[in-house]
Amino acid sequence: MTIVLPPPPRGAVVTPRLVRTGGDLTSTLGGPTQRITRVGSRYACDIQLPPLDADCAASWLACQLEAEAMGSTVSLPMPQMIPAARTMAFVTGSGNSGGNVITVDGNERPPVGAWLSVSVGGRSYLHFATAQTGTHGLQVGPLLRVTFPSGTAIEVETPLLEGYLDDPAWSVEFFRFVGNKFTITESA
C-alpha cells in the first residue's frame, strides 16, 4: 500500500537527483572513460519543508511515520517546472523496458523538461522528458524500467515519485514545528 503525501507547500525545497545503476569504466592506462548505462537508474528526491502550522505538520509527519511503521512506499506529487505540463489532463502511450522512447497516442506530447510518470502493476515510475522525436516519440530519462502497452496512462499534470523514505527527521523549536527534512528514493 502506498501512502500519498500532500503536494509540497509553498516554500518547500524539492531537490531531485538521478541514482545511476551503471557507472564509469576508467582506463588504468590513460585511455578514454566509458559511461556504462544500465536499466534500473531511478530518481531520488530530497525534500525540505518550511515551517508549517501544527495541523499541516501533523499531517506530513503522520504520513511519513505510517509508511515507516507499515513498510510502505510513499508517493510525492512532483512539482512541474514547465507551466504547459500542468494543464495536460490525459495522455496515453506505450514503451519498452530498456528503451528511452515513449510512443504517445495522439498528437499532444508532454513538453521537453516536464516530469511524467507511468503506473504499471500499481507502482509509479518517474521519468523526465528530454526530447521529442518523430511524430509521436518522446525521449525520456532514465531508461524505461518496465514495458507498458499502448493506451497506458502517462501522468503529466501530477506525476508521482514513488519510493521508500530515507531517515525522516523534523525539528521543534520552542514547542513549535519548524521544519521537516526527508528523502524518497524510487524502489523499482
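On one side of helix α1, A54, D55, A69 and M70 are exposed, where exposed means over 50% relative accessible area, buried under 20% and partly exposed in between (1.4 Å probe, protein chains only). This is a predicted model, in which local features need pLDDT of at least 70 and side-chain atom pairs count only at pLDDT 80 or more, while totals for chains, interfaces and linings use all residues. Residues are numbered from 1 along each chain as its sequence is written, and side-chain values use heavy atoms, with hydrogens and water left out.

Now for the other face of the helix. The buried residues of α1 are A57, W60, L61, C63, Q64 and A67. They sit on the same side of α1, because their arc around the axis is only 150 degrees, going by the directions from the helix axis to the C-beta atoms. Helices (H or I, at least four residues) and strands (E, at least two) are DSSP runs, numbered from the N terminus.

Next come the rings. The structure holds three aromatic pairs: rings of Phe, Tyr and Trp (its six-membered ring) pair if their centres lie within 6.5 Å, and planes under 30 degrees apart count as stacked, over 60 as edge-to-face and the rest as tilted. W60 and F182 have ring centres 6.0 Å apart and planes at 40 degrees, so this pair is tilted. Since W60 lies in α1 and F182 in strand β14 (residues 176-186), the pair ties together parts 122 residues apart in sequence. Both W60 and F182 are buried.

In a second pair, W115 and F128 have centres 4.9 Å apart and planes at 75 degrees, so they meet edge-to-face. W115 is in strand β9 (residues 115-120) and F128 in strand β10 (residues 123-133), so parts 13 residues apart in sequence are tied together. W115 counts as buried at 5% relative accessibility, whereas F128 is partly exposed at 22%. Y43, W115 and F128 form one aromatic cluster.

Finally, six strands close into a barrel with antiparallel pairing, in the order β7-β8-β11-β10-β9-β12; two strands pair if DSSP finds at least two bridges between them. Two bridges join β9 to the antiparallel β12 (residues 148-155), where E155 is the bridge partner of S117.
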